[in-house]
There are 2 protein chains.
Amino acid sequence: MQKNKSYLNCLQREQAQELWWHKLKECGFFKNPSVETVAVETSLGRVTAYSVYAKRSVPHYNGSAMDGIALCASDTFGAQETEPKRLKLLNAQQPFSSDCCYVVDTGDLMPAGTNAVVMVEDVYFIDGEAEIIAAAAPWQHVRIIGEDIVANELVLSEHRVIAPIDIAALLAAGIENIDVLCKPKAAIIPTGDEIVATCKELKPGVILDVNSHMLSAAVMEWGGEPVRTNIVKDDIHEIQRAIFASLQVNDMVIVNAGTSAGREDYTASVLAELGEVLVHGVAIKPGKPVVLAICQGKPVIGLPGYPVSAMLTAELFVRDILLARQKLAPLQADQIEAILVKQVASTLGVEEYVRVSVGNVQGKMVAAPLSRGAGLISSLAKAQGIIGVGQTHLGIAPGTTVPVTLLRKSHPTNTILAVGSHEFALELLGIFLRRHIENVDLSCANVGSMGGIMAIGNNEAHIAGVHLLDDVTGQYNITHLKKFLLNKEVKLVHFAMRQQGLMVLPSNPKDIKGLEDLARADITYINRQRGSGTRMLLDYELKKIKIHSSQICGYEKEVGTHMAVGASILAGAADTGLGVQAAAKALGLDFIPVSQEQYDLILNFDIADERMNIIIEILQSPEFRHEVEALGGYDLRDAGKLIEYR
Amino acid sequence: MQKNKSYLNCLQREQAQELWWHKLKECGFFKNPSVETVAVETSLGRVTAYSVYAKRSVPHYNGSAMDGIALCASDTFGAQETEPKRLKLLNAQQPFSSDCCYVVDTGDLMPAGTNAVVMVEDVYFIDGEAEIIAAAAPWQHVRIIGEDIVANELVLSEHRVIAPIDIAALLAAGIENIDVLCKPKAAIIPTGDEIVATCKELKPGVILDVNSHMLSAAVMEWGGEPVRTNIVKDDIHEIQRAIFASLQVNDMVIVNAGTSAGREDYTASVLAELGEVLVHGVAIKPGKPVVLAICQGKPVIGLPGYPVSAMLTAELFVRDILLARQKLAPLQADQIEAILVKQVASTLGVEEYVRVSVGNVQGKMVAAPLSRGAGLISSLAKAQGIIGVGQTHLGIAPGTTVPVTLLRKSHPTNTILAVGSHEFALELLGIFLRRHIENVDLSCANVGSMGGIMAIGNNEAHIAGVHLLDDVTGQYNITHLKKFLLNKEVKLVHFAMRQQGLMVLPSNPKDIKGLEDLARADITYINRQRGSGTRMLLDYELKKIKIHSSQICGYEKEVGTHMAVGASILAGAADTGLGVQAAAKALGLDFIPVSQEQYDLILNFDIADERMNIIIEILQSPEFRHEVEALGGYDLRDAGKLIEYR
């Protein structure tokens, strides 16, 4: 039997983090970070290395704080409305003598002999003299030297992030250059025989290096200086050489990947030779294959290869140590509470991170789980938040209120949740919406028409796209709405008539003419998921022509969208699949029409919600109709019409 | 009578902002911002100009999602623990035939003929064959083409800030360059005859240009590209030329200053000629002299000259329009609720912004107002938050709960509020504290010893520095503590013995020998504020030698710190003043000892608060003693000793 390598240890997330921080403190990673001197003007966002003291006082002279006249306060005693006092106006060259004054502007040096300013608004200039009707207090409206900052006083304490106002304070205090902490240098080493650097090298079985760019951006976002190396092959000596070289000139090293327990995963063994491996494997999902090591007194982190895993584990094990090295506090992501709308399963003993969409539906904040695969970059890019399922849980039941950690600076209360049948013109609706309402997001979850109706019923979505044919009445959607949503205040709005049909490779090499051909032994089909309108349409049409699902090769392989059906055909994984004409057009596939169907939207908003009216307006607009029809296979002549269903 | 120019109008803040946004929308400032193409790797933080669609599918081939064996699922039907199934291992060159399989790693292309993967953990390799004990479902552990992203699918919608994960998604989808919104270019024009660019040119009456650097940093922080021009003299034609030239190549122009109604304030009149002045004067304090104009369809903002005013008005009238131009949401600063500890006066009809320190004292969050002058850069740099006093208020009473807008990413719950007698070694204590506790801030408000005792009594401060002599017992601090804080659980800890004396210019030109000389007609004194220990000490000592305050010239001019006393002497505004030796030493002044006094700290923490013990430890440490004594005039041999006073 082949001996498979295994993980060194597999710690819980908290244990791993605790050990990691403990050892990094022990080896002095957070102590005495290097320092560089920069011009104050360019120091925005940098961290002061030491406390900074003023080199001069601000202001550096006694000056007028107002536009007005400078005088000696004792000359004005007794002045009042009934007994005004007149002072002779001197020019700047004339020396002061009593009962005289000078015109001064804000910031002007107080002429010798004067010790108070009267505001111009309170002065009457008559016959070359200044008349005042109230006594001036000594030093009134005078900014005395050092009033703001006194020489040698503390201006900024050590380890402080320099803000725009600090730049003003430093420059005013005579400081032109400042010692700041260097940005920690983090090497990022992409490894793997299957990894290539450019699209040109891409072929089946080969993967583009996107992680090293993503991790570089993350390191930059966290205040570090990323240093990306070339891709290193899965060769134990090459990996060792690369890590060793990077350790000499960087403050930390990130290796990506080779961290798993597979045949060619060398990261852990290399690090064990170069230093001490503290952790290999963490009980989290995604992200289990993490290696945490200290080599030559510096942290070396092996991150898993899937982009989502790499990103999540970088946030857990790289981000805050990078910040702490810069004397910055750990990042506190915004959290909100939301009601989970769908069950989330998880494994006992493993902490799972689930990407979610978040939105406020009828006054309650809801979180809808997105796809969970570690390979799904798009699901993390589209997510608005993440929920963690603790290792002591077997999952979370729907209806549970959970804390959601928000990604980005999103505005979950502005998000419109669209749940239901996949319709990629819905994304166009999202783009049009953003042009009407600032900072609105349209988040689409493709769960099929029935899933959409259920989500609306539970107030878990704002919009559901549905195309459900009642084979008795021949009508779309009304029957199901009456059955499932009769007691709910929702609106049914027509979206489009759309053409469904079979997608095939260009020139239709297998000469497929219609659904009858699906029973052919040489045809592999790719199906849509249960509950989707397209699946129902297929089953309905198959019934008519008396083909049973068991006769169709590939009937059991499901994908979630029209585009995924098309992509499977393009890839040769299937010969054909049912979908909308627009998907075939977008992918350059041939299309055999099967039937036209009605696709409507259920809108679940408060009556007062302006977003509902904006959506209807957009649907009715010629611009929107034009853009959607250009996708192919759509007819929007009645888009935006309300459908009476009660 | 001289005719003074006045403000064009003086709007309320909301009116001014509403008009400003309305007119900017009208002139299309937020529409069609310019676009540039950048490499995706360098696009972190940029805003997408358009929606971005995938150029290829991800994954772009059907690949194994696991390390294991690739096989045809139908070959495994019936396999179970009691009836294992053996498959022949093929190498990559051999074509597939039934009952065979290939070893694959994660990401490997699925060999032709296979449609499922069994994980390596579930395979036994025996005699060149693979044994499995369970059937595989078709397509299990296979990542099919387009599973993540399908070609032509939306990857990022328009006007989205690009995050690290988006860079991964874009690159994976075959996008190498991306159109992003250009950073809005904002010209910053410093104006004023009295403004100089470098410290070297600095002399009395002349002010260093710090604002243009501060505003550049602010523009950068808000995503813009600042373009600083040279300083322009107060000449109407030069200002006009500069603004006109900047308008040609920038998206907006910021003029600083010349916005007031003084003799040489030309900004408003120049802008009225170049375009339309919408607002001149806003009822806010600081910051009244703001000019908002639209010239050649672009916003031109005249900001007031005082740095604090310039910064606050830039936040009100520049920040969010700059963000909106980039399709970003207005900045939502963090707000907390805190109890105001001191009355804040304000003018009816004017919205006032008051800088505050914020800290959690004995479980309640308190906000302590700082100095309010528009010229006090340091007070804004030191503030942790700002409270606004609405225009319909005459002020806010102490004890009122107010919303505090937090500046920076501060941690108000970690702030230690020190209120009481000014002692600049306290700042050293703050620096030492930060070395022991991460992200702790020590905020010092100098309100005199009695003010400190009152603040402790009201739970408005953690620490009060006091030096209050009881002229009957000859003891420091104990009498006052017993009188005012007997029922409070506080600790009195000795800080230092310190030397008080008269500061005079080097070589003591007026030959001052002691307090007796203060009555001399040729001596001007600079005093400390009422309630300060130093003021009390002066009054006590004057009483002993029978000098009345009216005999002392300058007795009525008060400043708030020892350093400010020294600075006034250095500036020639006074001949002498009472203060600690350390201040004289720091400023290079001569020092005539008057008396040694005892300076103690009252500590107001929960028993369980670790910060109290850390403070006592620091006070007792040789490092701290050494650093403080090096300031001059301190004796810390008993520092950190608890003083029993009950």
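On the side of chain A that touches chain B, at least two residues each come from β8 (123-126), α2 (164-172), β15 (207-208), α3 (211-221), α8 (377-382), α9 (425-436), α13 (562-570) and α14 (581-587). The largest share of that side is supplied by α2(A), with eight residues. Sorted by kind, the residues on the side of chain A that touches chain B comprise 56 nonpolar, 21 polar and 24 charged.

## Extent of the interface and its salt bridges

The size of an interface is often given as the accessible area lost when the parts come together. Between chain A and chain B, about 8900 Å² is buried, and 62% of this area lies on carbon and sulfur atoms. Counted by residues, 101 of chain A are in contact with 103 of chain B.

The rule for salt bridges finds two across the interface of chain A and chain B. A salt bridge links the side chain of B:Arg435 to that of A:Glu158, with a distance of 2.9 Å from N to O.

## How the two copies are arranged

## Salt bridges over the whole structure

Over all chains, the structure holds 54 salt bridges. One of them joins the side chains of A:Arg498 and A:Glu423, at 2.2 Å from N to O. Because A:Arg498 lies in strand β32 (residues 491-504) of chain A, while A:Glu423 lies in the loop between β29 (415-420) and α9 of chain A, the pair ties together parts that are 75 residues apart in sequence.

## Backbone details in the loops

Some details of the backbone are found in loops. A:Asn256 and A:Ala257 are joined by a cis peptide bond, whose omega is about 15 degrees, and A:Ala257 lies in the loop between β17 (252-256) and α5 (267-274) of chain A. In chain B, a cis peptide bond joins B:Lys285 to B:Pro286, with omega of about -5 degrees; B:Pro286 belongs to the loop between β19 (284-285) and β20 (291-295) of that chain.

A:Asn508, a residue other than glycine, has a positive phi, near 50 degrees. The place of A:Asn508 is the loop between β32 and β33 (527-528) of chain A.

## Confidence of the prediction

For the complex, the predictor gives an ipTM of 0.90 and a pTM of 0.90. Chain A has a mean pLDDT of 91, with 98% of its residues reaching 70 or more. Over residues 1-5 of chain A, however, pLDDT stays under 50, and for these residues the model has 11 contacts beyond four places in sequence.

Conventions
Residues numbered from 1 in each chain as written. Chains lettered and ligands numbered in written order. Predicted model: local features only at pLDDT ≥ 70, side-chain atom pairs only at ≥ 80, totals over all residues. Heavy atoms only, no water. Contact = heavy atoms within 4.5 Å. Buried area = accessible area lost by both parts, 1.4 Å probe. Salt bridge = Lys/Arg side-chain N within 4 Å of Asp/Glu carboxyl O. Helix = DSSP H or I, 4+ residues; strand = E, 2+ residues; numbered from the N terminus. Nonpolar A, V, L, I, M, F, W, Y, C, P; charged D, E, K, R; others polar. pLDDT = per-residue confidence, 0-100.
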